[in-house]
Amino acid sequence: IEVKCKCKRTEMQGLLLNNWLNAHQSFQVKIDVENNEDKSVQVQGPKSLDVPEMASREYKLKFYAYRAGTTNVTVTFTNPKNKESVKYELTFITDEVQEKVLPLMETCVRRRRTV
């Protein structure tokens, strides 16, 4: 999955997870970030996700980057009971934020009169 976003803004990415069994499943979530030493990128999400039988749930992944660049993220959902897993590979491409141009405002200033 390729996601284009602006840096210095929080991006929420939803990942749909389906339960293919007739029983409730609880998944442990592991988030791997390429170049994990880079502290200018933050990727966060819940550590686990519960999905009812024959249903689906959306996992909300939060991404924030302080600088422009490309970040590869792998999110793995693992059922600890039967060791089955689902893997999502995401690429976040961040662009620079365009600076807002503020209009020039001028006003007159009153002076205090001395007598």
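1. Q13 contacts I1, V3, Y59, K60, L61, L90 and F92, leaving aside residues up to four places away in sequence. Contact here means heavy atoms within 4.5 Å. Q13 sits in strand β2, residues 11–18. Q13 is buried, with a relative accessible area of 16%. The cut-offs are under 20% for buried, over 50% for exposed and partly exposed in between, with a 1.4 Å probe and protein chains only.

2. A word on the basis. This is a predicted model, where local features need pLDDT of at least 70, side-chain atom pairs count only at pLDDT 80 or more, and totals for chains, interfaces and linings use all residues. Numbering starts from 1 along each chain as its sequence is written, and side-chain values use heavy atoms, with hydrogens and water left out.

3. The structure has 5 aromatic pairs. In one of them, the ring centres of Y59 and F77 are 5.1 Å apart and the planes stand at 85°, so this pair is edge-to-face. Rings of Phe, Tyr and Trp (its six-membered ring) pair if their centres lie within 6.5 Å; planes under 30 degrees apart are stacked, over 60 edge-to-face, the rest tilted.

4. Y59 belongs to strand β6 (residues 56–65) and F77 to strand β7 (residues 69–78), so the pair ties together parts 18 residues apart in sequence. Strands are DSSP runs (E, at least two residues), numbered from the N terminus. Y59 is buried at 1% relative accessible area. F77 is buried at 0%.

5. Y64 and Y66 also pair: their ring centres are 4.9 Å apart and their planes at 75°, so they are edge-to-face. Y66 is partly exposed, at 41% relative accessibility.

6. Y59, F77 and Y88 make up one aromatic cluster.

Terms used. Helices (H or I, at least four residues) and strands (E, at least two) are DSSP runs, numbered from the N terminus.
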